[in-house]
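Reader: I am new to this structure and would like to learn how to read it. Could you walk me through it?

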Amino acid sequence: MALIPLAAHVDGDFVLKLVQVDTDHTMDEVAAAAAVNAVGIHVPEQPGRTMRVRKQGAAAPYERTDTVEKVGLTPTECVEIYFE
Amino acid sequence: MALLERSQWYDIARSTEWTPRYVTQDELFPPELSGGEGLPDDIWASYDEPYKISYREYVDIQRQKDAGAYSVKAALERSDLYNKADPGWISILKEHYAAVALVEYGASFQESRFIRWSKAPGMRNMATFGMLDEIRHGQIQLFFPHEYVNKDRQFEWSHAAMWSDNWVALGARHFFDDVMMTRDALSTSIFANFSFETGFTNLQFIGLSGDAANAGDFTFSKLIQSIQSDEARHAQLGTPLLQMLIENGQKEEAQKKIDIAFWRSYRLFTILSGIPMDYYVPLEVREASFKEFMEEWIVTQFMRSLEDLGLSKPWYWDIFIRDISEHHHGQQLGTYSWRPTLWWDPAAGVSPEERDWLEEKYPGWNDTFGKVWDVMIDNFVHGRTEKTVPGTLPVICNVSQLPIVGTPSQTLRDISLVHEGRRYHFASEVDKWIFEDDPERYRHHKNLVDRFLGGDIQPADLGGALEYMGLGRVGPGGDDAHGFAWLDSYRKQLATTG
């Protein structure tokens with residue numbers, strides 16, 4: 001369990017933002033952490049839709065319950081967060 | 001005493017040179033400071049400066065220029081421009097002076113290094129005048145904003161910004177240190193004089209001059225015209241050296257120096273020129289869009305000067321052409337969103353009328369960048385002010401030192417690499433190419449986010465970052481230039497539609 005900074009690209013945003021998460025956090029928790037400074041700030045809220053996380057450029061998202069440690073993200077690596 | 005005509009003595013004086021007997025040529029002109037490796041020793045005497053002037057003539061002309069600029073300032077001091085001008089225009093002055101004045105002083109050291117280290121006697125002679133030019137530019141651009149300090153303390157940044165770790169200052173210093181302060185004399189004259197000054201000072205000093213006059217700021221208009229008349233002269237210092245490189249089989253090296261400097265200059269000027277031209281200049285007095293200025297001064301004129309030398313467009317030309325329609329819009333969103341981190345008060349520039357103008361100049365703006373503004377405007381008009389400034393930092397490019405931005409849902413993406421165990425982020429493929437070409441030059445620098453993550457900034461939050469950047473300590477930070485008055489029309493729309 002350790003803090004790890006990531007570069008968050010929330011779909012619809014204009015800028016990559018720094019987000020601090022924990023290696024134990026699930027992808028749902030990563031999405032929620034990234035949303036704090038993007039959704040409702042620069043990206044419209046989309047109630048009822050699930051946010052998913054994927055490696056930049058990947059077609060498929062990570063499993064929602066996978067942890068940061070499990071998927072092997074490294075410090076400041078970029079993840080894409082999008083509404084499913 | 002009768003004086004000789006310049007033409008009767010100039011060539012003898014400029015070609016006077018000495019042959020070192022007690023030291024070697026390389027000890028007198030160390031390659032790492034002088035440059036020009038691989039060029040024949042006898043080539044330097046052939047440097048033919050594009051302009052010729054004597055010290056007596058120089059002093060007389062400069063005295064007249066100063067008299068012109070200072071007399072306009074004195075005549076208009078009572079016109080109370082500060083209170084009459086649009087606040088967006090005042091913000092341009094704050095941004096400009098703080099970003100430029102001390103850099104000009106640094107440029108006098110750049111020219112001083114030519115005077116000592118250039119192997120071409122003609123260049124050493126002309127760089128002496130370039131050095132005096134830059135001292136004048138530093139002094140005059142500190143003196144003029146000083147008039148406003150007692151009206152608005154943000155003008156204190158004119159002198160303070162470049163000594164601070166404000167993120168814009170970090171970006172500007174990183175750029176100017178790279179192109180102006182840390183390369184050999186020959187390379188510097190191509191990076192700074194040919195690429196930066198020839199292309200981009202035109203953009204800032206001529207482009208903004210027209211807007212200044214239209215905005216009623218004849219003092220600033222006259223000032224920057226006066227400065228540009230010097231820039232246009234000493235910017236030519238690098239051209240004969242470029243010709244030497246090309247004629248001696250080093251065309252590829254010459255092209256690369258230009259390609260690096262051109263991109264780095266362009267990206268910095270998206271902040272210094274792009275944002276002000278398209279968002280701060282009052283709509284009714286805008287001469288042209290940033291893109292139109294870029295097309296006139298850079299795409300057409302600067303590229304013509306490259307072609308005249310037999311050089312090519314930079315390899316990333318297609319990327320550049322796309323970029324001039326989008327990058328500065330992202331930077332405007334970023335600077336406005338993180339407005340407390342600025343030393344000036346940014347204008348939003350997105351009233352309904354201004355959005356129409358943006359859409360006309362940049363078709364598709366409303367469906368991309370405009371959608372982000374829609375969310376911000378919705379927060380403002382509903383009083384959700386806590387949602388109008390992000391609580392984290394943007395990811396910052398390790399070359400340009402600017403936030404990594406892009407067109408929403410189209411071009412925003414991270415470009416990164418891991419070098420010796422450290423991940424570096426880049427705002428474009430070009431920035432990455434610049435880094436990879438010379439990683440030793442760039443890899444040690446820590447951008448603002450690196451410092452934040454490395455524990456240099458405490459407390460590790462936005463407040464700590466503001467303190468680190470000097471906001472509220474060196475001088476006041478930024479807020480909306482117009483006191484959010486531009487939102488009134490949106491509030492009326494909301495009241496009408498419910």
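Reader: What covers the buried residues of α1(A)?

Author: Among the covering elements are β1 (3-10), β2 (17-22), β3 (51-55), α2 (68-71) and β4 (78-83) of chain A. Helices (H or I, at least four residues) and strands (E, at least two) are DSSP runs, numbered from the N terminus. Covering rests on contact: C-beta atoms, placed from the backbone, within 7 Å. The model is predicted: local features need pLDDT of at least 70, side-chain atom pairs count only at pLDDT 80 or more, and totals for chains, interfaces and linings use all residues. Residues are numbered from 1 along each chain as its sequence is written, while chains are lettered from A and ligands numbered from 1 in the order in which they are written.

Reader: Which residues of helix α1 of chain A are buried?

Author: A buried residue has 20 or more other C-beta atoms within 10 Å of its own (exposed: 12 or fewer; partly exposed: in between), with C-beta atoms placed from the backbone. In α1 (residues 27-36), these are M27(A), V30(A), A31(A) and A34(A). They share the same side of α1(A), because their arc around the axis is only 100 degrees, taken from the directions from the helix axis to the C-beta atoms.

Reader: What is the order of the strands in the open sheet?

Author: Strands pair if DSSP finds at least two bridges between them. Here the four strands run β2-β1-β4-β3 (chain A), with mixed pairing. β2 and β3 of chain A are at the edges with a single partner strand each, so one side of each has no neighbour in the sheet.

Reader: How many bridges join β1(A) to β2(A)?

Author: Six, and the two strands run antiparallel. I4(A), for instance, has V21(A) as its bridge partner in β2(A).

Definitions and conventions
Contact = placed C-beta atoms within 7 Å.
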